[in-house]
Amino acid sequence: FSQDRDIAGRGDLRIADVSDPANPVEVADFHFERDAGLPGNNEGFGCFPFNFAHGAAANAAGTLAFVSSFDLGTVILDISDPTHPTFVGQTPYPADVEGDSHSADLSADERFLYQAEEVIPPNSNCQAPDRHTEKSWGYVRVFDISDPTAPVQVGTERTPNSMSPNRMRKGDYSVHNPLVIGDTLYTSWYSDGVRVADLADPADPSERAYIVPPPSKDPHHVLGFVPEVWGVVVDERGCVLMSDMNGGLFVAKETGNTTCA
């Protein structure tokens, strides 16, 4: 929560010039309240009522930034001048949801944004009547960002486990990170492993494969004896790399892949 805690009053998003990689220089920061009049860090909603920048991505041209900001959704900034980022728009939330935008990626044509929401566990520590939210774990919202000043939600991507209100902690069933490669959406999904969805219709991802690593014991005794897939990367061979907080790194390939060996 750097907006609250930074002694210089800098915002959560920082932009650095890395033309000299050994000596990066901060050239700008973006503060939700100061620069856009948005609610502050502690003015969110739901069971985890906070607004703070968690993940940031940019379009291919480097003119727009997409800042995953929990209950502010995805905040879209014009960074055509990286020294002066300006507010463009943000993804909206309907009433009575948890929010918690964690990270995002764009479709190949950059028309659609896949927003992953980390809600884990659902409704935890949330007994106040005015904070009742949807009873599910985190999932992916799909937004049409043809007009980045007014994104429109057009779809979702969920797993059966993520739609369950069960909070017995026999696993954690929230999405964590999305990754788009061509016409495929890969998502790391904690105890639901890695999910692979076809984007033939970019507004309606259709799951075609998934893999869940075997359960492992947390050496620090914090998490349960379950898979906890934190991230997913696909390399140039098409190998799917899964980072599991309990079990370490797993490598997988889709059936028929002959380049990942």
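Visitor: Which residues does Thr74 touch, not counting those up to four places away in sequence?
Guide: In this predicted model, Thr74 touches Phe66, Val67, Gly89, Gln90, Thr91, Ser101, Ala104, Leu113 and Gln115.

Visitor: Is Thr74 buried or exposed?
Guide: Thr74 is at 0% relative accessibility, so it counts as buried. The cut-off for buried is under 20%.

Visitor: And what does the side chain of Thr74 make a polar contact with?
Guide: With the side chain of Gln115, at 2.7 Å.

Visitor: Which strand is Thr74 found in?
Guide: Strand β5, which covers residues 74-78.

Visitor: Ser101 was in that list. Where does Ser101 lie?
Guide: Ser101 lies in strand β7, residues 101-106.

Visitor: Why does Ser101 count as buried?
Guide: Because its relative accessibility is 0%.

Visitor: So what is Ser101 in contact with, leaving aside its neighbours within four places in sequence?
Guide: Thr74 and Gln115 are among them, and so are Ser68, Ser69, Phe70, Gly73, Tyr93, Ala116 and Glu117.

Visitor: New topic. How many residues does the largest nonpolar core have?
Guide: That core has 13 residues, and Tyr114 and Leu185 have the most contacts inside it.

Visitor: Which strands each supply at least two residues of this core?
Guide: β8 (112-117) and β9 (140-144) do. β8 gives the most to this core, with 3 residues.

Visitor: What about another core lying apart from it?
Guide: There's one of 12 residues, including Ile15, Val67, Leu77 and Ile79.

Key: Residues numbered from 1 in each chain as written. Predicted model: local features only at pLDDT ≥ 70, side-chain atom pairs only at ≥ 80, totals over all residues. Heavy atoms only, no water. Helix = DSSP H or I, 4+ residues; strand = E, 2+ residues; numbered from the N terminus. Buried < 20%, exposed > 50% of the residue type's maximum accessible area, 1.4 Å probe, protein only. Polar contact = N/O pair within 3.5 Å; in protein donor to acceptor, adjacent residues only side chain to side chain. Contact = heavy atoms within 4.5 Å. Core = buried A, V, L, I, M, F, W, Y, C linked by side-chain atoms within 4.5 Å.
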